[in-house]
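Hi there,

Here is the structure I promised to pass on. Please have a look at it first, and then read my notes below.

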Amino acid sequence: MESSNDSLCNSCYKPFTLTDTFCNNCGFPLQGTKEEKDSHIANRTIKEVDLIELQRSVDSACNSLYWIAGFIGLSTIFIFFTAAAEDQFALLIMNVILVGAFLGFGVLSRSKPTTAMISGLSLYVIIQILNLIADPATIFKGIIFKVGIIIYLIKGIKSVMEADKIKKELNIE
Amino acid sequence: MEEQPIPENLCDNCQSEVPLGNKFCSTCGRAQNYKDIVIQHKRWPNIQQVGLFFVVEICCCVASLLIKDHSLTTLFCLDVIMGCSALLFFFYNWPENKAILKWPGFSIAKLLGLIVLTILASVTVTFLVDHLNVLLFKKEVRHYTLFEFHRYGTYLMFLSIALYPAIFEELAYRGYLIQKLLSVVDEKEAVYISSVLFFIIHFSLISIFWLLPFALFLGWLRIKTKTLWYGVFVHFFFNATACFLDLYPLEELFKLF
């Protein structure tokens, strides 16, 4: 059976045939009651709005990886000039590795956000633990920034999962 | 009576024909990626389990850093705890992990080739790391120091540094962790994440030059061969070579020739 411009789905505007009970592109109940149709459109709209919110959360978490790189970069300058001369070279090398790692995670987060955020979060937590063991007083230095970064990254990972789930439910790539 | 498999173009809910490319069944409205949606719902709990595994690993490693006077007893206690943790996580997910304990397509030539390459890589890495430690930290790191006072120190060193990590770290990282991550991300990402976590847990930033590539190789090997065993052998010979060079440094070996 041919489809015409008169047979467009009310939800996704894709053509359908008159024998279809549901739209084969979005699952809209073509033969359903008004309540069923309204409910489908409302649910789809809610999910689309949620998806936009989740994407914002993912972007913030991705940006926090650059923030960490920047923060370590700045502290490197301070540490370099205050550390003992014999430790300067080793500290510089290690901090350069860390800045590079977080910048790398930041770049990776655009294409593989889950991988980048799990790696970034793990490395960040380990750095804080090692700092804590070396000097317990450091736990309170910039505590709000540290807690904020960890929360952002955990929320980011969860948001990626939620966003992927909604994309699958809406059947969009 | 045996059940007939449902062809791909039949809806798994109402058995109506669904032309390939249609996202929903036009008869019952069932999403044709229904199985993917079910998998998506399990991703977050799986990530939480990976998080729990990593926290346990961190706790064990931090405990080893906090103990001031290391002895063989404390070392073996921590080894036992981490070994139990690896076994617990691996066997908790037994249905999905059991397949990687098999050794499909076993090849003695491949295994021997890998072992030779591993020994050569370990000699190179040991040589470079020794020089890097002297250059950056002005010190020589020897594994044998902790074991030399014991009557069976040499055997214990090989047991603790070569055999134990080869079995339990492979079981934990290339076994449990990669398998669990495969239900969350794709193969490349699973290898990458497991390698980063493996590198991080060693608490040695400077070893990024060899530990991360080594972990990536082990992860790749695990995915490519679909078995844990090549990795176990590679890991064992890598660490065993480092232990051997600790007992017989390269400079002394060169003098013999």
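How many salt bridges does the rule find across the interface of domain 1 of chain B and domain 2 of chain B? The rule finds zero there, a salt bridge being a side-chain nitrogen of Lys or Arg within 4 Å of a carboxyl oxygen of Asp or Glu.

Before the rest, some housekeeping. This is a predicted model, in which local features need pLDDT of at least 70 and side-chain atom pairs count only at pLDDT 80 or more, while totals for chains, interfaces and linings use all residues. Residues are numbered from 1 along each chain as its sequence is written, chains are lettered from A and ligands numbered from 1 in the order in which they are written, and side-chain values use heavy atoms, with hydrogens and water left out.

**The two domains of chain B**

Domain 1 covers 1-41 and domain 2 covers 42-255 of chain B; these bounds come from an automatic or database domain assignment. Their centres, taken over C-alpha atoms, are 43 Å apart. Each domain gives four residues to the contact (heavy atoms within 4.5 Å). Between them the domains bury about 340 Å², 42% of it on carbon and sulfur atoms; buried area is the accessible area (1.4 Å probe) that two parts lose on being put together, summed over both. On the domain 1 side, B:I39, B:Q40 and B:H41 lose the most area, together 85% of what that side buries. Although salt bridges number zero here, there are four residue pairs in polar contact (both at pLDDT 80 or more). A polar contact is a pair of N or O atoms within 3.5 Å; within protein, one must be able to donate a hydrogen and the other to accept it, and residues adjacent in sequence count only if both atoms are side-chain atoms.

**Where chain B meets chain A**

This contact takes 40 residues from chain B and 38 residues from chain A. The two chains bury about 3,500 Å² between them, with 73% of it on carbon and sulfur atoms. In chain B, B:F24, B:W44 and B:L205 lose the most area to chain A, together 19% of what that side buries.

Four salt bridges are counted between the chains. One pairs B:D186 with A:K112, with the closest N and O atoms 3.4 Å apart. The most comes from α1(B), with 12 residues.

**Annotated spans and one more pair**

The UniProt annotation "transmembrane region" (unreviewed entry) covers residues 65-83, 89-108, 115-133 and 139-157 of chain A; UniProt positions are in the numbering used here, feature names are shortened, and annotations may be inferred rather than shown by experiment. In the model, residues 115-133 of chain A are 100% helix and 0% strand, with end C-alpha atoms 27 Å apart.

Over all chains, a search of the whole structure finds 12 salt bridges. One joins A:R56 and A:E53, whose closest N and O atoms are 3.0 Å apart. These two residues are separated by about one helical turn because they are three residues apart in helix α1 (residues 34-82) of chain A.

Best wishes

Methods. Helices (H or I, at least four residues) and strands (E, at least two) are DSSP runs, numbered from the N terminus.
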